[in-house]
There are 2 protein chains.
Amino acid sequence: MKLNKKGLLVVISGPSGVGKSTVRQALFSMKGHKLSYSVSMTTREPRETESNGIDYYFVNQDEFKRRIAEDMFLEYAEFVGQYYGTPLDKVEELLDQGREVVLEIETEGALQVRSKMPEAILIFIVPPTKDALYQRLRSRGTEDDYQLEKRILKANKEFKLAHKYDYIVVNDDVHNAADRILAIIRAEHAKTSRSIHSYLDILEEDHA
Amino acid sequence: MKLNKKGLLVVISGPSGVGKSTVRQALFSMKGHKLSYSVSMTTREPRETESNGIDYYFVNQDEFKRRIAEDMFLEYAEFVGQYYGTPLDKVEELLDQGREVVLEIETEGALQVRSKMPEAILIFIVPPTKDALYQRLRSRGTEDDYQLEKRILKANKEFKLAHKYDYIVVNDDVHNAADRILAIIRAEHAKTSRSIHSYLDILEEDHA
């Protein structure tokens with residue numbers, strides 16, 4: 001029996017190259033949870049295999065900017081001239097249905113979520129060592145030295161954001177990391193601050 | 001890999017009759033943890049089967065009172081003329097060894113722990129319904145109506161202490177409850193406030 005019936009918003013973030021998306025995939029492949037992801041909105045063109053409302057909500061720049069102005073995003077970012085964002089209304093709908101909503105986003109977006117939805121759970125994924133991350137960034141291989149250097153500089157800056165998060169999860173092993181995130185979700189539901197109201201409701205049902 | 005290397009002090013408490021000790025037993029029977037319990041000190045006489053330092057530390061009243069005066073207990077209580085307490089030094093020793101120390105104590109002691117060791121994790125075990133608790137108290141059967149009434153009154157008072165705890169865990173099923181406590185322990189180790197220092201140490205080990 002879960003005392004807190006509203007879903008939790010769980011933000012998975014961390015430095016570039018730490019393996020956020022493999023952790024998120026491992027998390028969704030685990031049993032015994034009601035995790036949802038929220039479909040993002042973007043201004044970039046759909047690829048041939050992509051469907052509107054499934055991979056992304058595709059809108060044009062004017063529409064996206066209007067939505068920014070109307071405060072309709074939980075978080076958004078611009079990347080090489082295109083916008084990407086998380087529509088607030090969709091997230092709230094899922095949370096009200098009691099589903100946990102998982103966002104896997106960059107540090108910039110994560111900190112926007114913190115200010116828009118202070119009750120969100122921010123998880124910072126870290127590598128077991130700094131070297132492990134550098135090695136990972138190098139092994140991607142497709143990038144030239146200049147790009148690599150830029151990514152390392154970015155990661156070094158992002159490392160310092162850990163203190164702004166609720167939890168630090170080491171990605172030593174992707175299944176361990178996913179397992180720790182499930183434990184965090186279970187524990188957060190049991191937190192007195194989230195569950196005291198449902199608990200008081202139980203006390204009201206007093207037939208003794 | 002666990003970032004926070006110090007053990008956690010986990011206090012299991014809740015209203016009388018909620019099943020604290022069966023939850024604690026289920027918790028210790030689970031795999032994949034390093035849980036310790038701390039041996040209590042008491043002034044009552046040892047039973048034939050009991051050994052000093054294993055079941056209890058047995059001391060006389062003068063010794064116990066001297067230790068109270070010297071602030072050597074994490075918590076203590078008097079019960080029908082005898083004292084029972086948790087020696088602070090033993091708990092600290094285990095925590096420093098990286099072991100999780102579990103105390104299963106009455107609400108009075110739990111609140112003493114809160115003030116002595118604010119970093120302790122206080123877990124309030126609750127029944128799925130109030131009726132379930134009353135039924136449990138009744139089914140113990142050994143007590144007369146007056147004793148039962150007294151216990152129910154006490155439980156009703158204790159119910160109202162939930163807000164002073166960090167977590168509320170429903171004892172709908174003893175294994176579920178124990179499992180939730182393990183999740184809480186894992187999540188607490190990942191909390192940024194506990195793990196940030198070890199994390200910063202990792203960052204210092206920078207050979208790139």
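I first looked at H7(A) and H7(B): their axes come within 8 Å and cross at roughly 110°. Axes here are lines fitted to C-alpha atoms, for helices over the stretch in contact, with angles from 0 to 180 degrees between N-to-C directions. The two helices, H7(A) and H7(B), are therefore roughly perpendicular (the class for 65 to 115 degrees; under 35 is roughly parallel, over 145 roughly antiparallel, the rest oblique).

I noted that this is a predicted model, where local features need pLDDT of at least 70, side-chain atom pairs count only at pLDDT 80 or more, and totals for chains, interfaces and linings use all residues. Residues are numbered from 1 along each chain as its sequence is written, and chains are lettered from A in the order in which they are written.

I listed the residues that meet: Arg180(A), Ala183(A), Ile184(A), Arg186(A), Ala187(A) and Ala190(A) in H7(A), and Arg180(B), Ala183(B), Ile184(B), Arg186(B), Ala187(B) and Ala190(B) in H7(B). Contact means C-beta atoms, placed from the backbone, within 7 Å. By class, I have 8 nonpolar, no polar and 4 charged residues for H7(A) with H7(B) (nonpolar: Ala, Val, Leu, Ile, Met, Phe, Trp, Tyr, Cys and Pro; charged: Asp, Glu, Lys and Arg; polar: the others, Gly among them).

I then took the whole contact: 35 residues come from chain B and 35 residues from chain A. On chain B, helix H5 (130-139), strand E9 (167-170), helix H7 (174-190) and helix H8 (192-204) each supply at least two residues of the side touching chain A. Helices (H or I, at least four residues) and strands (E, at least two) are DSSP runs numbered from the N terminus. I recorded 21 nonpolar, 5 polar and 9 charged residues on that side of chain B.

Key
Two residues are in contact if their C-beta atoms, placed from the backbone, lie within 7 Å.
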